[in-house]
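I opened the model today to look up a few sites. My notes follow in the order I made them.

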Amino acid sequence: MTLPKIELHLHLEGAAPPAFIRGLSREKKIDISGIFAPDGSYAFRDFAHFLKVYEAATSVLTRPEDYHRLTLAVLEQSAASGVAYTEAFVSPDFCGGRDLGAWREYLHAITEAATEAERTMGITLRAIVTPIRHFGPARAKEVALCAAETAGPFVVGFGLAGDETVLTPKDFAWSFDMAREAGLRLTCHAGEWCGPDSIRDALRDLRVERIGHGVRAIEDLALVDELAERGVVLEVCPGSNIALGLYPGWRRHPIRELFHRGVKVTISTDDPPFFHTTMAREYDRLAEAFDWDDGVFRQIARTSLDAAFCDPDTRARIA
Ligand code: HPA
Ligand code: ZN
């Protein structure tokens, strides 16, 4: 399939090839050998353990130039899958520890790599600054300040990742208010590890326009209807959900029913090497599981493009 793909839900560090992380760990003599399986892939048991492995992997990303290399490696993977535009979650918690000066340096390195990738690979990157929920609301405020100070054509959004089972969206309302006032567009992980009410909470208390995952809306059809009516966009990551055991297989994934009930679904990979996936694989598996043809994928790509947080000129250029 040659349709240009639009990806709206990708964690920059979570897209790091394991060989890249292992290489940096050797260079810097940081022992994280426990996070790798014998075949060199990332090894984790469940979502809680995944978050620990993820954080251990980020511990080798200690300099802006590491993020420059990381960004190029990630965009190379995405471009190889036919992705034309990607929005990546980037966390000041990992990029300079929420110090604004350091964050600017890391962001500069990421932006430079994005410019280079745009020129050499024809892929466009934008950033969604994202606090980590289980690090708590106080740290999220510092992240929001970093986001607000660097809002612009590259930093286009603000999100919330991490352990969905701790705290509530409302605890992060201050940060989301600050981000909104800075002109950032908003999204929040919800409805993956918690049920439909977590989606309602994020919509009401954070006033987000997109939901990261949101698939568990399917457990409450009144909510599904509301999402469809309000045009809320779901950043659905089927391969991630299946790899983490949320659904037993592709045919059992609710994306099909959500789509048929009129919800604006989009397709993303989340943390592709962790979940042994790529955008090309997501498209192939969905086509196979649901007999989806190019027309369906074209509609989903159009929804994704419309829901992208970039400015209209950028949207027109990648359309
Ligand atoms: N879900 C929630 N938080 C995360 C993820 C994810 O897939 N990846 C990195 N942080
Ligand atoms: Zn995610």
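**Ground rules.** I am working on a predicted model, where local features need pLDDT of at least 70, side-chain atom pairs count only at pLDDT 80 or more, and totals for chains, interfaces and linings use all residues. Residues are numbered from 1 along each chain as its sequence is written, and chains are lettered from A and ligands numbered from 1 in the order in which they are written.

**Ligand 1.** Which residues surround ligand 1? I listed H11, G14, Y54, A161, G162, H189, S240, D270 and D271. A residue is near a molecule or strand when its C-beta atom, placed from the backbone, lies within 6 Å of it. By class, I noted two nonpolar, five polar and two charged residues in this shell. Ala, Val, Leu, Ile, Met, Phe, Trp, Tyr, Cys and Pro count as nonpolar; Asp, Glu, Lys and Arg count as charged; the others, Gly among them, count as polar.

**D270.** I stayed with one residue of that shell, D270. D270 sits in the loop between β8 (264–267) and α11 (279–290). Helices (H or I, at least four residues) and strands (E, at least two) are DSSP runs, numbered from the N terminus. Buried or exposed? I found D270 buried, because 29 other C-beta atoms lie within 10 Å. The cut-offs are 20 or more such atoms for buried, 12 or fewer for exposed, and partly exposed in between, with C-beta atoms placed from the backbone. Phi of D270 is positive, near 75°, and the residue is not a glycine. Most residues other than glycine have a negative phi.

**R207.** R207 also has a positive phi, about 50°, without being a glycine. I located R207 in the loop between α7 (196–206) and β6 (210–213). R207 has 14 C-beta neighbours inside 10 Å, so I put it down as partly exposed.

**R133.** This residue lies in the loop between β3 (124–129) and α5. R133 counts as buried because it has 24 C-beta neighbours inside 10 Å. Leaving aside neighbours within four places in sequence, I found R133 in contact (C-beta atoms, placed from the backbone, within 7 Å) with L160, A161, G162, D163, E164, V166 and L167. R133 and V166 are 33 residues apart in sequence, yet 7.4 Å apart in space, C-alpha to C-alpha.

**α5 and α6.** I then checked how helix α5 (residues 137–150) packs with helix α6 (residues 173–181): the angle is about 5° and the axes are 9 Å apart. Axes are lines fitted to C-alpha atoms, for helices over the stretch in contact, and angles run from 0 to 180 degrees between N-to-C directions. The two helices are therefore roughly parallel, a term for angles under 35 degrees. A140, K141, V143, A144, A147 and A148 of α5 meet W174, S175, M178 and A179 of α6. I sorted this contact into eight nonpolar, one polar and one charged residues.

**Core.** The largest nonpolar core has 91 residues, and I110, V129, A147 and F158 touch the most other members. Such a core is a set of buried Ala, Val, Leu, Ile, Met, Phe, Trp, Tyr and Cys residues joined through C-beta atoms within 7 Å. Helix α4 (residues 100–121) gives the most to this core, with eight residues.

**K29.** My last stop was K29, in the loop between α1 (18–28) and α2 (47–58). K29 counts as exposed because it has 6 C-beta neighbours inside 10 Å.

How values were computed
Parallel < 35°, antiparallel > 145°, perpendicular 65-115°, else oblique. Contact = placed C-beta atoms within 7 Å.
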